[in-house]
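Visitor: I would like to learn how to read the packing inside a protein. Please take me through an example.

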Amino acid sequence: MQHRTVGDLMTWPVVHVRTDASFKAVAEALAGNDVTAVPVVDDIGHPVGVVSEADLVRKVAQHPDPAGPTRLPEPRDRLAGERVTVEELMTAPAVCARPEWTIVEAARLMVTEGIKRLPVVDEADRLVGIVSRSDLLRVFLRRDDALREEISGDVLIRTLGLAPADMTVEVDAGQVTVEGLVDDEHLVPVIERLCLGVDGVVSVHMDVSRRSDGTRAFDRRD
């Protein structure tokens, strides 16, 4: 079974800025590359934070409103953003992933930290890529026939040694149904777990009978 890793899905090379980048330079990097956030790196390429459109907007929201009733903005108000560096705006420290991580590892970290993207670093903690939530979800675009082939061939036959005539697999929109006969009831959760581990599988419905009694004794749903 071949599992896609963060390294397979990440974007590289990565648009990034240095810690001394100005507000305007960050805005230009975001707009010019059609991205909503970029990693911030130090002098040796280590990610130290992430700066996003939301960070810039928060800074803008602190400016006096030129249409407001209080006063007209002075020149220093209009130029304040130019003098602000990214180091003051970024979210830090940077929460990073490794290229060899699985999709599950990266997704769990994103959920735990409440973030949308992860800079990816190598063994020396240098920036080598970035992975987003949409990147992780690309595996769920796999075709149903590709999923059925992998489960039938790699999981059931080559990994578990089950006879093709004993098991059938149907896949509809990433939802898998496995039916068939097994000699040992303890294989049922093993099959289910391995099927759930196939990239692109949304859910698994196990409808399996033990060969010895012929009854539909094991019916598991997720």
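Guide: The talk below covers a core and a pair of helices. This is a predicted model, where local features need pLDDT of at least 70, side-chain atom pairs count only at pLDDT 80 or more, and totals for chains, interfaces and linings use all residues. Residues are numbered from 1 along each chain as its sequence is written, and side-chain values use heavy atoms, with hydrogens and water left out.

Visitor: Which residues touch the most other members of the largest nonpolar core?

Guide: A nonpolar core is a set of buried Ala, Val, Leu, Ile, Met, Phe, Trp, Tyr and Cys residues joined through side-chain atoms within 4.5 Å. Buried means under 20% relative accessible area, exposed over 50%, and partly exposed in between (1.4 Å probe, protein chains only). Here the core has 19 residues, and Ile151, Leu156, Val176, Val178 and Ile191 touch the most other members.

Visitor: What does Ile151 touch, leaving out residues up to four places away in sequence?

Guide: Contact means heavy atoms within 4.5 Å. Ile151 touches Leu156, Val169, Val176, Cys195, Val198 and Val201 on that count. A second, separate core of 14 residues includes Ala21, Phe23, Val26 and Met90.

Visitor: Which residues of H2 and H3 meet?

Guide: Helices (H or I, at least four residues) and strands (E, at least two) are DSSP runs, numbered from the N terminus. Phe23, Val26, Ala27 and Leu30 in H2 meet Glu53, Leu56, Lys59 and Val60 in H3.
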